[in-house]
Amino acid sequence: MKNLLKSFLTYLLLLCCTIGMAQTQLFSGKRTAGGFTGTAEYPYKMVDGDSIPDGAFLMYKSNVNALLKEKDSFFSFSGKFIEGYPAGFWKFQFGEFSSNNSSQVVGFQYRVNVSGIQNDAFGNLSNGKPDGDWTYKISRIENSEISEVLFQSKISYDEGIPQKSFQIENDSTTLIGRFLRDGFAHDVWVVYSDAESEPSESWHFTNGLLEKIEKTSPYGNLTLKVFNGLSDRNTSVVLDESYLKVVRWYLNKQQVEIEPKNLVMYQLLQQNAAQYKSLDDFFNDLGKSEFIPSFKVSVPFYPLDSLEIAQLKATTEAYKSGNEISSELLENPQFGLLSHSNPQAQYYYNVVERLHQDFLEPLGTFLEFDDKEIIEFVSRTELASQIWPNGLPQKRIQFSETNDAYASWELESSISYDTQEVDMDAVQQMALYAQKSLDTISKDLSDWLREAKQQQQYSDLEAQLVKETKILEKNIDSLAIGKSIDIKRALDGILETKENALKTYAEMTESDAKLEYGQMTLSCLKNLGKLALEVAKLPEKELIIQEKYQDAVWNPFTATIMDEAVKKRITSAYKNVIVPYLLTKVAEPVACKNVSNLTLLLDNTHNRLLELRDESTKKLERKLKKEQDPETVLELLGIVSNPKTEGQ
Amino acid sequence: MNNFFRFPEIMVFLILLCGPSMGFAQEENILPEESEFKDPVGRVWFNTYGNIRISKRLFWDAQTHFRFEETENTPFIGQIGQIYNRHAIGYIHSKRFNVSLGGVLRVNFNTDESSEDRNVVPEWRIWHQYQFAMPLGSTMFYHRIRIEHRWSQGFAENSNYIFRNRWRYMLRAKTPLNNYKFEPSTFYISPEAELIMQSGKPVVASPLEDLRLTTTLGYIITPRLTVAGGLMYSTGQSLENGGIYKQNWTFRFHMYFSPDFRKVKNKLPSIHFDD
């Protein structure tokens, strides 16, 4: 009833919205947006082949059966789009409920208590940007009542820019902060722990610039200076993970080890961003929006000049190439094994390891600032001196003081750099040197490693050959029990084929051709297993054919029904010509490449014999008379696959 | 299965068979004080039995027998006594019961070397037969009731035909020897006993025409061809004097054949009759 009313009202609403709108169509049906799939109803316009939602929007999903059975993921979203942009009041409700299966009738409705998590979000939008007060709330529901608020954020916006004070809280802490009219963080942002009356963490901003962080800790109160008075040039950025990385670096510079996870402020902001992101995804799947709020802050700014940009690019390239080579070598199992048995390999291994650890790893840390696009917010010289406090690593890598060839490594090259005066150029040269060294080593090792790899392939292949051989021999042993001499001879022929193939393989010199032949032999062994099975099944199959070629005949003299063999020329050709011929072929023995064909021929012959029973065969029987050539007989019977044509 | 041997049916036939032979006395020939048994005569019979299917239920019963009889000058196989042509159309009621009706032309040869009478005379019969089959384990039992109306004459010149009825009942068993059922390559043994009674004006004191006790060994070559051979002892009253009993020892050789020339498509579904 309620649903009906809801549908009717929606319909009316949609009708009102669509009246007077040209080219507006109604969507009503299943829709997926932002990971939610449910029934959606909204008007839309077609613009350049795209459907643009325009008008009142409703999307929902709930399933009572699922709820009563186990649990139901539900949602209900309502609002309005204008020209594809969400606008006006929007309300989101979603979560997952389960019920305890007890129900109550109240009025004319069944009432079922639910428990689970519910997300509520509501507020106004203008041109796809939050505008006015927005609340996002996650509650734990027990028996249809809110038992706990797990998360709540209340933020005011003016066309997407956060305004005035805001509040974000989770189940144990509350963050209160404020913004300037232009959206910059300002004044003190404080975090209260529910258990304490004093703030546990406070971030002091002045016009967006974070000056200090005060934090209580079991070891006393910490005051950490951040950007205060560092640079005369600042730039504005969004308060996000990259910003926090910069903050962290500045803190670390002062030998303060602080992890983002220990900054409660950061966690709350991140949690809030994640919730807003889910709604932004939803809006963007349907139309256009900029729902993620930008909390603006300032950071010191050290812009890159064109030389530095080029140097960074070259360094990154050298690093990536070197890192790829070193990772590949260090993860190569053959190289690892070889290094245990061969002194030269061990030497190379050690060099690669050192190049990786001493040259590439710190370089990676340095370049990460570039990768994350925060390198302009730190002084490069300071960053370098922090990463390489003792200067850049020497070109010569010393392992021992002895005089032998493996005591040290140094690549003969024109590359040189000052290890103490660490600047972008020196870093670039060092990166190049590491990359060239690794490249040289990799080339030196390549033949060696290829051979080692091949050896590994041989030993893997041969282990499989041994395994398959054992399986085949064991199978043939058991298949031969109680079989006729002809079949035993054929099974022996199969063993001979196996023996020949293995012998040829063993006698080949190591080459790609040998590996290929080995693989072929492996499949040959498997195929021989199938052939052996097919051969061993012959008596059983002959019996099947014999039974199939029987007619029930009335014998008036005994007054009984007797089986009479029919189409004897066909069965006799099968039994006396084809089967001995095929068995001889197997016993000859057969070549590996013909094994599959012969197996197929055996199978085809049986199937064809079964077919012929029901076919008209008068002419065929006449032709079969006195025909003793097995190939001709096979042809007459219409059996395909002819291994003879392939030769031996 | 309603085609098993039915007891009341066979009783009726037995009564029919025994009834007419009672209460006759021979007046012209004096009965001896005690029964007299003639010396046994050796005979060899070569019999062919054809059973040719002509439709789903009808078959042509075609038998030709060559019967040899020993004489003073021709011991053992002897000389030809009768050539015997028995034909009938049979009706297969079920696997367990069939009937036949037809005629016989028997050509009798005079084997009495001293006789100056005719050498060959024909004998005519109309016959009908009712045969029941009963399986018991792997053994088959057969009851055969055969009734013949017979016109025969002596070898003497211008002798008249005499008319008699023959009432025959045979019980036969067939047991496979090297198999649990009858199929090609099976040997079987077949003991049989047949009582042949006769009636008619000429039959005064000799209703017991023949009692035949036979054992045969058979071999099924194919479902359509069987061969068999056996030895038969038979005895019966001579028509002239009821006190005198003939005796015979007969070697019998049989060939049974049952071709079916019908088209395959007609043949296949009809084998099982009505089961």
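**Exercise 1. Determine the handedness of the crossing of α7(A) and α8(A), and how the two helices are oriented to each other.**

Solution. The crossing of α7(A) and α8(A) is right-handed, a term that applies if the near helix is turned clockwise from the far one by less than a right angle, anticlockwise being left-handed. This is a predicted model, in which local features need pLDDT of at least 70 and side-chain atom pairs count only at pLDDT 80 or more, while totals for chains, interfaces and linings use all residues. Residues are numbered from 1 along each chain as its sequence is written, and chains are lettered from A in the order in which they are written.

Next, take the geometry: α7, residues 343-371 of chain A, and α8, residues 380-387 of chain A, pack at an angle of about 155° with their axes 10 Å apart. The two helices are therefore roughly antiparallel to each other (angles over 145 degrees count as such).

Then identify the residues: Pro362(A), Thr365(A), Phe366(A) and Phe369(A) of α7(A) make the contact with Leu383(A), Ala384(A) and Ile387(A) of α8(A), where contact requires C-beta atoms, placed from the backbone, to lie within 7 Å. By class, six of these residues are nonpolar, one is polar and none is charged (Ala, Val, Leu, Ile, Met, Phe, Trp, Tyr, Cys and Pro are nonpolar, Asp, Glu, Lys and Arg charged, and the others, Gly among them, polar).

**Exercise 2. Describe the backbone at Asp187(A) and state how exposed this residue is.**

Solution. Although Asp187(A) is not a glycine, its phi is positive, at about 70°. The residue is found in strand β12, residues 185-193 of chain A. Asp187(A) has 16 C-beta neighbours inside 10 Å and therefore counts as partly exposed, the class between buried, with 20 or more other C-beta atoms within 10 Å, and exposed, with 12 or fewer.

**Exercise 3. Carry out the corresponding analysis for Lys626(A).**

Solution. Lys626(A), likewise not a glycine, has a positive phi of about 65°, and its place is the loop between α15 (618-624) and α16 (630-637) of chain A. With 6 other C-beta atoms within 10 Å, Lys626(A) is exposed.

**Exercise 4. Characterise the peptide bond from Glu588(A) to Pro589(A) and locate Pro589(A).**

Solution. The bond is cis, with omega near 5°. Pro589(A) lies in the loop between α13 (568-587) and α14 (595-612) of chain A.

Technical notes. Axes fitted to C-alpha atoms, helices over the stretch in contact; angles between N-to-C directions. Helix = DSSP H or I, 4+ residues; strand = E, 2+ residues; numbered from the N terminus. Parallel < 35°, antiparallel > 145°, perpendicular 65-115°, else oblique. Contact = placed C-beta atoms within 7 Å.
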